[in-house]
Structures are given as structure tokens and as C-alpha cells.
Amino acid sequence: MATLAGRVPGIVDAHVNFFDPRRPPWGLPRIGRVPTPILRALPDPLVRLATRIADEQSLSGVAGPGLLSARYQMREYVRDTAGLASVAGVPVAAVLPVDAQWRRRVSINEAPEAIAEDMRTLRELSYGAPSPALGGLIVPGDERVAGLGVRTVLDDEESLIRGVRLRWGRHPDPLVRDWSTEPDALGSPIFRKAFARLAERGLIFESLCYSHELAQLADLASEFPETTIVVEHLGLPVGVFGPIGSSTGATAAARADILSLWRERMAMLAARPNVLVKISGIASQLLGYGDEKAGNIGGQRILADMIGPLVLHVVDRFGPERVIFGSNAPLDSHNATIGVTVGALLDVLGPRGDYLLAHLFAENAQRVYRIPPAATEG
């Protein structure tokens, strides 16, 4: 198996989810308004039980059983990546944490402060040796709020913020999560006005949507060619490997249609030179691996066989300089550890050579997110 030893000093993980169910804005939906000292004092069994009751159904397919009920911060991430050097030949050198506010949708009035609290919390985690360095922050936008709710954060934390992330995807299957309440988030005046200013600030736009919505993103990329757009999770072809939600991907014919449309839309995006793709979320339950409590992939070889055609399609269309690695930790760990995820990608892409591997796992992220060289020296 290929490794990254001698190719890069360390991996840049451009998509990590840090959260704490005891701390707003990550507070549990049904008890999130409890004062923080009380929330932190609750016994662990109660926190876990309340999380399962409140979150598991509304977030079906996003994370495996119990993953949302316990804190996931730097200590847990270091634990999960402890053996990565034996798989990849190098450790994780730097991370880019993304927001974890998918746990509770706050009101419009609360959104700006929730975003600011999110950034404060992420900024204060224990980065640097022996933990990975902080490569930058991606601030979560809210399409309901003027300026996407990020103006104050950008003014206060501009030196650390590399981009604005919007979870705008909506799915026709009623049991697949809608990330936005807006039926046309990208077309709204609020979004358009805020988006036009991203390039002026040197910020990228990170997009979380579903594969059937990628044509809208392609149109946006054409209209704003100076703004860098990063598509998360391979464009999320929900149900491409198996049933998810109420009926998505329920038959072989349906899965073939999902794959065909995804391939077409990714090729459309690849024609826009300002668009990059995160090869992240490759073990996500949303792809249709199944919902068994013990996971449903079975190991590195199986994951490589399943995800290989999708990853190769993206690499062939976008080229080695427009793909970025992200683990999506810990949301995919029900199906695959970070080591299995990285190992599967090395199995698939190793034959493509050093240049691609170095750019996917480090160099593209360093360039796009303006990560100082010192932060990725391992």
C-alpha cells in the first residue's frame, strides 16, 4: 500500500467536527436552554439518553448510534488519529474545524451570537504539539440572517477565518435531513448580497448540499468566478450505495440514476475552475451503507472498492490541484475509523503517484486555506 512518507510532512485534515453536548450552541435541542452550569453538571447517562431521544431521529443517517451524545474535542481526535502514522506514514499536522451547530437550530435573533460562541470555542481548543496545529477556522453562515450572521465574527477573528460555510441542502425524501428552511437559499437576496463580498475579504465558500442541487452551485460559480467554492463530501450523492430515508436508493435502478446524475453534475462543476471538492464523508451513512449498530462497511478493502469509482471520477475531472482531504471525524467513525478512511484513499489513489497524494492530503489545503508552512511541518 502507498504511504505519504517522504511526500508530505503531515496530513492536513480539512474537515473535523468538534462539539460538546453540554455547551451551547451544541446544547441538546430539548434541554439546550438549560443554563450552562446545570447542563454541564448533568450525569453522563442522562446526557446520552436525552441526546438519543432528541437527536437520533432528526439526524438519521448523519452519524452512527451514540456518536452525538458524547463530547468530541481535541483529546478525542488525538486518540482517534494515534495510529494513523502506521497507516499513512505521517501524522495529522493541522486541522480545520468546521461548525457543529447542526445539533440545534437557533432562532434568527440568536444566530449571530451562536456563531460567535462557536468560533470562540473552536479557537480555544488545545492546538499545537503534541496535538495538530490549527490551520484556520470555517465560520458557519446562516442564510436567514443579514450578512449570513458572520459580520461581527469576521471583524473580530479575521486573521483565523478562512471561509464561510453554508449548510443549504434540502432533499425531497422526508426522512433525509433538510439543512435549511429556505427552499432557494442560494437565490435569496440575503445570501447573494453576502456572497458577493466573500471574494473581497479573500474568503472561500464551503457548500454542504445534496447531489441533485449541484447545478445551482455550478451556476453560482459561473456568476462569481473570483470566489473559490469548496464542495463538501463529494457532493453527497445520498443513497448511491443503498437505501436511505424513506425510499431514496431503494432499488438498483434508483441507485444507478443517483450515480448517473451525480457524475453529470460533478463534471459540470469541474468546468468551473473556481470550484474544488473535499474528498470527505466517504464513509457517511448518507451514502447508503446501512444503519447496522456495528457499522456496515467491513474494512479498508471494501471501502476502497465501494468509494473508488466516485473518488476516481472526481480526481479525473477536477485534477490533482482541486481536491482536498477531510476526515469528517467523528461522524463517519461508526462505519470507518480515520485510519481506514485514509488507508482506503491511499489504496485507490496510490497508483496515481506522489503529486496527487501530496496535493490531496496537504498541499491544496495549505494553498486554499492559507495555512502557514510552519503549521504543517509535523
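This is a predicted model: local features need pLDDT of at least 70, side-chain atom pairs count only at pLDDT 80 or more; totals for chains, interfaces and linings use all residues.

Visitor: Okay, so is arginine 79 buried or exposed?

Guide: Arginine 79 has 54% relative accessibility, so it counts as exposed.

Visitor: And which residue does arginine 79 form a salt bridge with?

Guide: That's aspartate 80, and the closest N and O atoms are 2.9 Å apart. Aspartate 80 comes in at 30% relative accessibility, so that one is partly exposed.

Visitor: How many salt bridges are there by this rule?

Guide: The count comes to 15. Another one of them links the side chains of glutamate 264 and arginine 265, at 3.8 Å from N to O. Arginine 265 is buried, with a relative accessible area of 16%, while glutamate 264 is partly exposed at 45%.

Visitor: Which residues do salt bridges with shared partners join into one network?

Guide: Arg71, Arg75 and Glu76. Within that trio, the side chains of glutamate 76 and arginine 71 meet at 3.4 Å, N to O.

Visitor: Is glutamate 76 buried or exposed?

Guide: Buried, because its relative accessible area is 8% and the cut-off for buried is under 20%. Arginine 71 is partly exposed, with 34% relative accessibility.

Visitor: Switching topics. How many residues are in the largest nonpolar core?

Guide: It has 119 residues. The members that touch the most other members are Ile11, Tyr77, Phe205, Leu217, Ile307, Phe361 and Tyr369.

Visitor: Let's zoom in on tyrosine 77. What does it touch, not counting residues up to four places away in sequence?

Guide: Tyrosine 77 touches Asp13, Val16, Phe18, Tyr72, Val92, Val95, Pro132, Ser327, Ala329 and Ile338.

Visitor: Which residues lie nearest the centre of the largest cavity?

Guide: Val62, Trp179, His233, Asn328 and Leu331, out of 13 residues that line it.

Visitor: And what's the lining like by class?

Guide: The largest cavity's lining has seven nonpolar residues, five polar ones and one charged one.

Methods:
Residues are numbered from 1 along each chain as its sequence is written. Side-chain values use heavy atoms; hydrogens and water are left out. On a 1 Å grid over the protein atoms alone, a cavity is a set of points where a 1.4 Å probe fits but cannot get out, and a pocket is an open set with protein on both sides within 12 Å along at least five of seven lines; lining residues have an atom within 4 Å of a point. Ala, Val, Leu, Ile, Met, Phe, Trp, Tyr, Cys and Pro count as nonpolar, Asp, Glu, Lys and Arg as charged, and the others, Gly among them, as polar. A salt bridge is a side-chain nitrogen of Lys or Arg within 4 Å of a carboxyl oxygen of Asp or Glu. Buried means under 20% relative accessible area, exposed over 50%, partly exposed in between (1.4 Å probe, protein chains only). A nonpolar core is a set of buried Ala, Val, Leu, Ile, Met, Phe, Trp, Tyr and Cys residues joined through side-chain atoms within 4.5 Å. Contact means heavy atoms within 4.5 Å.
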